[in-house]
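Here are some notes to read alongside the structure. Keep the 3D view open and look for each element as we reach it.

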Amino acid sequence: MLFLWLYMFYSCAGSCAGLTARGSPAPPRAAPPLFPLLLGEPGEESSLEEQRAAPDAGSPISSFFNGSGTKRLPQAIIIGVKKGGTRALLEFLRVHPDVRAVGAEPHFFDRNYERGLAWYRDLMPRTLEGQITMEKTPSYFVTKEAPARISSMCKGTKLIVVVRDPVTRAISDYTQTLSKKPDIPTFESLTFKNRTTGLIDTSWSAIQIGIYAKHLENWLLHFPIGQLLFVSGERLISDPAGELGRVQDFLGLKRIITDKHFYFNKTKGFPCLKKAEGSSKPHCLGKTKGRTHPDIDQEVVQRLRDFYRPFNMKFYQMTGQDFGWD
């Protein structure tokens, strides 16, 4: 009788986020969370190859008894932006017992799309009934093909964009590149096509990424504005619990992550977790986060602010939020 009940339970249809390929049926839904499932250590970043090598979920009945869950396509994706605070947001979210996320960035919708949805799904962590599968790849936001590809996977996918003052973001982007390539030209020389005329070089990715309104227009061709949540990178630092509250509401999760989970690290200059999931120790983002920015000519900074201002105003109108960058 028990096995008959289990068979009927797993015959129920899954959501579109569980498809393994376009037009193919969703995998069986996992059992209710009768058994505890520990999240991976926040910040843990296994390679895509290691994630692929992990065995897939067994039969529905074995999943029910061992609590291993089922691999599903993500119901929510952090799509951007680079150097906006996406890693911090993902690590904070992973504290929530109903969030399961990939550590490494899959880059499926920009670099690995030809591998197919079955390959992408295999990268995902196992989830139980009621848990949300997530991933984050900041370059999706500026990838022209990404909106249509994600919509093709599932039109109901929830999208999260972490945005930050585009001038500060550009400098942070440059700082990251400088740490890897110390011999690159100065920020000032890369900013302009011609410094004498003050013409900004929008072909430089560090500048182009910050034209948020332009990129958002592409996403709104495939998703309604209400399906995107815009998180302030600045408020993620000054009020992490407040921004996490908005994110939890957007994802339909109970507000479990609150002020009690954070403390401010004065040395790094951003909030850290008091207790990482699966650990009794505090957890901060790695040493590659919070780098000291180089001194930039203030005239260049002002010219960039003037350049971004009309795009920022349009972005505020499109999102219905004033991020206070001007």
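This is a predicted model: local features need pLDDT of at least 70, side-chain atom pairs count only at pLDDT 80 or more; totals for chains, interfaces and linings use all residues.

1. Is S2 enclosed or open to the outside? Five of the five residues in S2 (residues 76–80) are buried, so the rest of the structure largely encloses this strand.

2. Five strands make up an open sheet, in the order S3-S5-S2-S6-S9, with parallel pairing. Its edge strands are S3 (99–101) and S9 (228–232), each of which pairs on one side only. From one strand to the next, the twist averages 25°.

3. Strand S6 (residues 158–163) runs parallel to S9 and is joined to it by five bridges. Within this pairing, Ile160 stands opposite Leu229 of S9. Helix H12 (residues 240–250) packs on the sheet, where it touches S6 and S9, and its direction makes about 170° with that of S9.

4. Next, look just past the end of S2. What kind of peptide bond joins Gly80 and Val81? It is a cis bond, with omega about 0°. Val81 sits in the loop between S2 and helix H4 (86–93). Lys83 is found in the loop between S2 and H4 too, and it has a positive phi of about 60° although it is not a glycine. Is Lys83 buried or exposed? With a relative accessible area of 16%, Lys83 is buried, because the cut-off for buried is under 20%.

5. His107 has a positive phi, near 50°, and is a residue other than glycine. You will find His107 in the loop between S3 and helix H5 (117–123). Its relative accessibility is 11%, so His107 counts as buried.

6. How do H7 and H13 lie relative to each other? The axis of H7 (residues 166–180) comes within 9 Å of that of H13, and the two cross at roughly 125°; the helices are therefore oblique to each other. On the H7 side the contact is made by Pro166, Val167 and Thr168, and on the H13 side by Val301, Leu304, Arg305, Tyr308 and Asn312. Five of these residues are nonpolar, two polar and one charged.

7. H13 also meets helix H10 (residues 212–219), with axes that come within 8 Å and cross at roughly 35°. Tyr212, Ala213, Leu216 and Glu217 of H10 meet Phe311, Lys314, Phe315, Met318 and Thr319 of H13. By class, this contact has six nonpolar, one polar and two charged residues.

8. Finally, step back to the whole chain. The protein chain has 13 helices and 11 strands, and 50% of its 326 residues count as buried. Its accessible surface is about 15400 Å², with 56% belonging to carbon and sulfur atoms.

Terms used
Residues are numbered from 1 along each chain as its sequence is written. Side-chain values use heavy atoms; hydrogens and water are left out. Helices (H or I, at least four residues) and strands (E, at least two) are DSSP runs, numbered from the N terminus. Buried means under 20% relative accessible area, exposed over 50%, partly exposed in between (1.4 Å probe, protein chains only). Accessible areas come from the Shrake-Rupley method with a 1.4 Å probe; for residues, only the protein chains shown count as cover. Axes are lines fitted to C-alpha atoms, for helices over the stretch in contact, and angles run from 0 to 180 degrees between N-to-C directions. Angles under 35 degrees count as roughly parallel, over 145 as roughly antiparallel, 65 to 115 as roughly perpendicular and the rest as oblique. Contact means heavy atoms within 4.5 Å. Ala, Val, Leu, Ile, Met, Phe, Trp, Tyr, Cys and Pro count as nonpolar, Asp, Glu, Lys and Arg as charged, and the others, Gly among them, as polar. Two strands pair if DSSP finds at least two bridges between them.
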